[in-house]
Amino acid sequence: MEKKRFSLTDRARSFKYAGRGIARLISREHNAWIHCFVAVCVVVAGLWLGLSTLEWAAVVLCIGAVLAAEGINSAIEALCDRVSPDYDEAIKHAKDLAAGAVLILATMSVVVGLLIFIPKFIALWS
């Protein structure tokens, strides 16, 4: 691989490509829509309940991690579909693993959310 010199123009271009990827994820991937809807609900609830800085850090990390995992999963699925449009057991295995990783992260994010929000709702209604 050829070693290229550092270039601010190339770095700026890479941010543009990454931004396009985020826009594509949010505009075209149905599961990302669900994650974004849940994220908005969590942020609104967090603002309403007055989360601490540490609680916000956990919430923001969970939201970012789930969306990033969904982006990776979507990229893997798109690449797999391009490489092997016909059914292939190995491709199915790779896609299932990627989807499973998103499910694990989303489930753990729900657990984090419950740990943060349940005590706040209990205190609110006590």
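How many disulfides does a search of the whole structure find? I searched and found zero, taking a disulfide as a pair of cysteine sulfur atoms within 2.5 Å. I then looked up two of the cysteines. Cysteine 41 is in no disulfide, and the nearest cysteine sulfur, that of cysteine 36, is 11 Å away. Cysteine 62 is in no disulfide either; its nearest cysteine sulfur, again that of cysteine 36, is 15 Å away.

Note on the model. I am working from a predicted model, in which local features need pLDDT of at least 70 and side-chain atom pairs count only at pLDDT 80 or more, while totals for chains, interfaces and linings use all residues. Residues are numbered from 1 along each chain as its sequence is written, and side-chain values use heavy atoms, with hydrogens and water left out.

I sorted residues by relative accessible area: buried is under 20%, exposed is over 50%, and partly exposed is in between (1.4 Å probe, protein chains only). Cysteine 62 counts as buried at 18%. Cysteine 41 is partly exposed, at 39%.

Overall fold. I listed the elements as DSSP runs, numbered from the N terminus (helices are H or I with at least four residues, strands are E with at least two). The chain has four helices and zero strands, and its elements run α-α-α-α from the N terminus on. The radius of gyration, taken over C-alpha atoms, is 19 Å, well over the 14 Å that the globule rule gives for 126 residues, so the chain is more spread out than a compact globule. That rule is 2.2 Å times the number of residues to the power 0.38. Along the principal axes, the C-alpha atoms fill a box of roughly 60 × 45 × 25 Å.

Surface and contacts. I find 22% of the 126 residues buried. The chain exposes about 9500 Å², and 71% of this comes from carbon and sulfur atoms. The areas are Shrake-Rupley values with a 1.4 Å probe, and for residues only the protein chains shown count as cover. Of the contacts (heavy atoms within 4.5 Å) with a separation of 6 or more, 70% are between residues 24 or more positions apart.

Salt bridges. I counted five, a salt bridge being a side-chain nitrogen of Lys or Arg within 4 Å of a carboxyl oxygen of Asp or Glu. Lys4, Asp10 and Arg13 are linked in a network. Aspartate 10 and arginine 13 are separated by about one helical turn, because they are three residues apart in helix α1 (residues 8–28). Lysine 4 counts as exposed at 63% relative accessibility, whereas arginine 13 is partly exposed at 35%.

I also looked up the bridge between aspartate 81 and lysine 95, at 2.6 Å, N to O. This pair links distant parts of the chain: aspartate 81 is in helix α3 (residues 53–83) and lysine 95 is in helix α4, 14 residues apart. Aspartate 81 is partly exposed at 41%, and lysine 95 is partly exposed at 21%.

Isoleucine 76. I placed this residue in helix α3. With neighbours within four places in sequence left aside, isoleucine 76 is in contact with Ala94 and Ala98. Isoleucine 76 is partly exposed at 30% relative accessible area. Isoleucine 76 and isoleucine 104 are 28 residues apart in sequence and 17 Å apart in space, C-alpha to C-alpha.

Nonpolar patch. Which residues make a nonpolar surface patch of about 400 Å²? I find Ile104, Met108, Val111 and Leu115. For patches I took residues with over 30% relative accessible area and no salt bridge, joining like charges within 9 Å and nonpolar side chains (Val, Leu, Ile, Met, Phe, Trp, Tyr) within 5 Å. Methionine 108 lies in helix α4 (residues 89–124) and is partly exposed at 45%.

Isoleucine 34. I placed this residue in helix α2 (residues 30–49), where isoleucine 34 is exposed at 51% relative accessible area. Isoleucine 34 and proline 85 are 51 residues apart in sequence and 26 Å apart in space, C-alpha to C-alpha.
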